Amino acid sequence: MQRGLPMQPTVVLLREGTDTSQGNPQLLSNISACLAISETLSSTLGPRGMDKLIVNERGEAQITNDGATILKLLDIVHPAARTLVDIARAQDAEVGDGTTSVVLLAAQFLKEVRGYIEEGVSPHIIMKGFRKASQLAAERIKAIQISVDKSDPEQFRSLLLKCAATSMSSKLIHSEKPFFSNMVVDAVQSLDPNDLDESLIGVKKIPGGGMQDSLLIRGVAFKKTFTYAGAEQQPKSFRDPLILSLNVELELKAEKDNAEVRVEAVKDYQAIVDAEWEIIYRKLEAIEKTGAKVVLSKLPIGDLATQWFADRDIFCAGRVPAADLRRVCQAVGGSVQSTCSDIAREHLGTCGRFEERQVGGERYNIFEECPKAQTCTLLLRGGAEQFIEEVERSLHDAVMVVKRAIRNGEVVAGGGAVEMDLSAHIRKHALSIPGKQQLILTAFAKALEIIPRQICDNAGLDSTDILNKLRMRHAAGNKWFGVDVDGPEGVRDNMEAFVWEPPLVKLNAISSATEAACLILSVDETVRNPQSEAQNPGPKAPPGAAARALRGRGRGMPRR
């Protein structure tokens, strides 16, 4: 009699309730999630793109068409789709513009190869083809980009204005492109040309008025700080004042707050109070001796000091935000002092004009004609809070684009022209390659056409007809032809039409989108831990811990 085979024991590797999905169905599911995100964003692309109104759990509304901002506000939880959120944020941090394009490209790359995955083509073959195509695209962009002569300041400024205007063409402020383009270029050119630190461009939002009421202050402006009695008696305007920045508190403290004193006679207590007044008066006299006419402090300046300064025609402001104080020092010179003694002339700054001015419903302290003005401030006006916030986001994109253009000095044509040229170049190269790689490169080339196609769809044009015209033009060697959303033809030479962008926007978008697509293609299994899905997961208490705590309380532990 034949003995039965021993039964295999069941091996449990993962915690009960853990969800595992694997194989091709999981890969196709991830691709579908990425396509769902791109469909949400696609209507925001181009000069005729629409805006999204997003309301968070607190009921706060934001109106925007910035890709990175939309993805951040949507709070996406799908693990594979979060890759697209990451590349949009990376594009925003590195280049500032092209956040919607990078997401659309990544999703379209995946969409074009979905059929090959269903037919059983290995994802590694697809990834190899994508990386080859991305390399070809980068080489082609570097070959066709046009360098602009920086030696002619007028011509170079004209280039920067066109780059800023192209960045704004898809934003809410596109109707005021000339006004804001000049403002952005002036702001970036006022920075130190060596490091171009965009954090030194301060932005202040003041509700009320129209967009045209926005101002560029070549220096520093900040909102009037909290002031005590005596502030209105201080002068509000100076020419060539000395400016002292402090990190010192000029305020009398109540004795009970921070000291315990034992005295036996009233005169001893009086001596302590007199000493405290003596200390603050000594500080104030030391400040007056420096000759400073404007005194700023990160810490409070109390009513005694405010009135004392007012009697001597000195302006003071306490509780100045740290970022504003840093920008003041960089604009006027000097440095922040943490003591009132031994302040020398080199520790003070100066500016051509200081004044406190009414802007809208707020009063602002404004420092202009600064000798070291490597900082500036944008005072943005507008009717609604959400509108001003979107203006700020649009200007940030334009500032980053202008910064990159100053750094590199090269441009390519926008409006889908570069993508069509890359598509034609990669298709041509694909015909020289045998095997499956030819199909993958062709799919990559076709996916690049999503940018001009979506610009046409959002503008209400016939995308099939216009893409056929563009393919014909590019096959004839007209490499700068792109979409024209205004003209009757629908296509034009965008280099001659001054629709210009820094090539870094395109290089970064294509390389990031390729990496994201390869990352998603390389995932074939998702494991979800049920505990991590729960609300506020925390470590479980060891068994019997609650009972031991109760027994301990019974043995004389104090009850609360």
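By class, eleven nonpolar, 16 polar and twelve charged residues line the largest pocket. Here Ala, Val, Leu, Ile, Met, Phe, Trp, Tyr, Cys and Pro count as nonpolar, Asp, Glu, Lys and Arg as charged, and the others, Gly among them, as polar. This is a predicted model: local features need pLDDT of at least 70, side-chain atom pairs count only at pLDDT 80 or more, and totals for chains, interfaces and linings use all residues. Residues are numbered from 1 along each chain as its sequence is written, and side-chain values use heavy atoms, with hydrogens and water left out.

A pocket is an open set of points on a 1 Å grid over the protein atoms alone, where a 1.4 Å probe fits, with protein on both sides within 12 Å along at least five of seven lines; lining residues have an atom within 4 Å of a point. A volume is the space filled by probe spheres set on the points, joined across faces, edges and corners.

| Largest | about 690 Å³ | Gly46, Pro47, Thr166, Ser169 and Ser170 |

Helix H1 (24-42), H4, helix H14 (436-448) and H15 each give two or more of them. Helices are DSSP runs (H or I, at least four residues), numbered from the N terminus. H4 gives the largest share, five residues. This lining has five nonpolar, four polar and seven charged residues.

Back to the largest pocket. H4 (99-118), H6 (153-168), H15 (450-458) and H17 (503-521) each supply at least two lining residues. H6 gives the largest share, four residues.
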